[in-house]
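Welcome! Please look over the sequence and the model shown here, then work through the exercises below, each followed by a solution in steps.

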Amino acid sequence: NIVKTKVLDPLKDLLLAEFPHIRVSYEQEVDGGFPNLLVIRPTSESLMALQVNGQLRNYIISVTYFERFGGSRPKNRLERVTETAERIKRLLFNNMNYDGYWINGRITGTDYNIDLPEDYSGAELTFECHFNESIS
């Protein structure tokens, strides 16, 4: 399972190392009692090129950050959510070619206007990367 072992699992490990206080999951568990949550899910994959012994594939992954705020002021919400999104962007920029896993990894978009339960704010980042899959 290339998408899980070469993209999702290493992405989850990077996020856990950068944000040890935030739960990272493949499933949305916003009402699970966690004040902060990162959810990573594959959105799509496509063939970029056929090669003699394999193929180059493009993967698009949704990385959604949720944070429960309770009664905090809207300004604090915006600052904390945008700061976390910026940290994710820097982390993935610094790991754009993640040895043995993906190449050309990058955040191609960030949406701060996402549908969330009351008392939550968040952002959805779109991560794209390539993987050179060998076929033997």
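## Exercise 1: A salt bridge between strands

Glu128 and Arg106 join their side chains in a salt bridge, with N and O 3.6 Å apart. (A salt bridge is a side-chain nitrogen of Lys or Arg within 4 Å of a carboxyl oxygen of Asp or Glu.) Before going on, note that this is a predicted model, in which local features need pLDDT of at least 70 and side-chain atom pairs count only at pLDDT 80 or more, while totals for chains, interfaces and linings use all residues. Residues are numbered from 1 along each chain as its sequence is written, and side-chain values use heavy atoms, with hydrogens and water left out.

**Solution.** 
- Step 1: Helices (H or I, at least four residues) and strands (E, at least two) are DSSP runs, numbered from the N terminus.
- Step 2: The cut-offs are under 20% relative accessible area for buried and over 50% for exposed, with partly exposed in between (1.4 Å probe, protein chains only).
- Step 3: Arg106, with a relative accessible area of 26%, is partly exposed.

## Exercise 2: The order of helices and strands

**Task.** Work out how many helices and strands the chain has, and which pattern they follow along the sequence.

**Solution.** 
- Step 1: There are two helices and five strands.
- Step 2: Read along the sequence, they give the pattern α-β-β-β-α-β-β.
- Step 3: For the overall extent, the C-alpha atoms fill a box of roughly 60 × 25 × 25 Å along the principal axes.
- Step 4: The chain has 136 residues, and 40% of them count as buried.

## Exercise 3: Aromatic rings

**Task.** Describe how the rings of Trp102 and Phe127 are placed relative to each other.

**Solution.** 
- Step 1: A pair of aromatic rings is described by the distance of the centres and the angle of the planes.
- Step 2: Rings of Phe, Tyr and Trp (its six-membered ring) pair if their centres lie within 6.5 Å; planes under 30 degrees apart count as stacked, over 60 as edge-to-face and the rest as tilted.
- Step 3: Trp102 belongs to the loop between α2 (74-94) and β4 (103-111), and Phe127 to strand β5 (residues 120-134), so the pair ties together parts that are 25 residues apart in sequence.
- Step 4: Trp102 and Phe127 are both buried. Together with Tyr98 and Tyr101 they form one aromatic cluster.

## Exercise 4: The nonpolar core

**Task.** How many residues does the largest nonpolar core have, and where does its largest share come from?

**Solution.** 
- Step 1: A nonpolar core is a set of buried Ala, Val, Leu, Ile, Met, Phe, Trp, Tyr and Cys residues joined through side-chain atoms within 4.5 Å.
- Step 2: The largest such core has 27 residues, and Leu11, Leu15, Leu38, Ile61, Val63 and Phe127 have the most contacts inside it.
- Step 3: At least two residues of this core come from each of α1 (2-18), β2 (36-51), β3 (54-68), α2 and β5. The largest share, six residues, is from α1.
- Step 4: Another core lies apart from this one and has six residues, including Val39, Phe66, Ile114 and Leu116.
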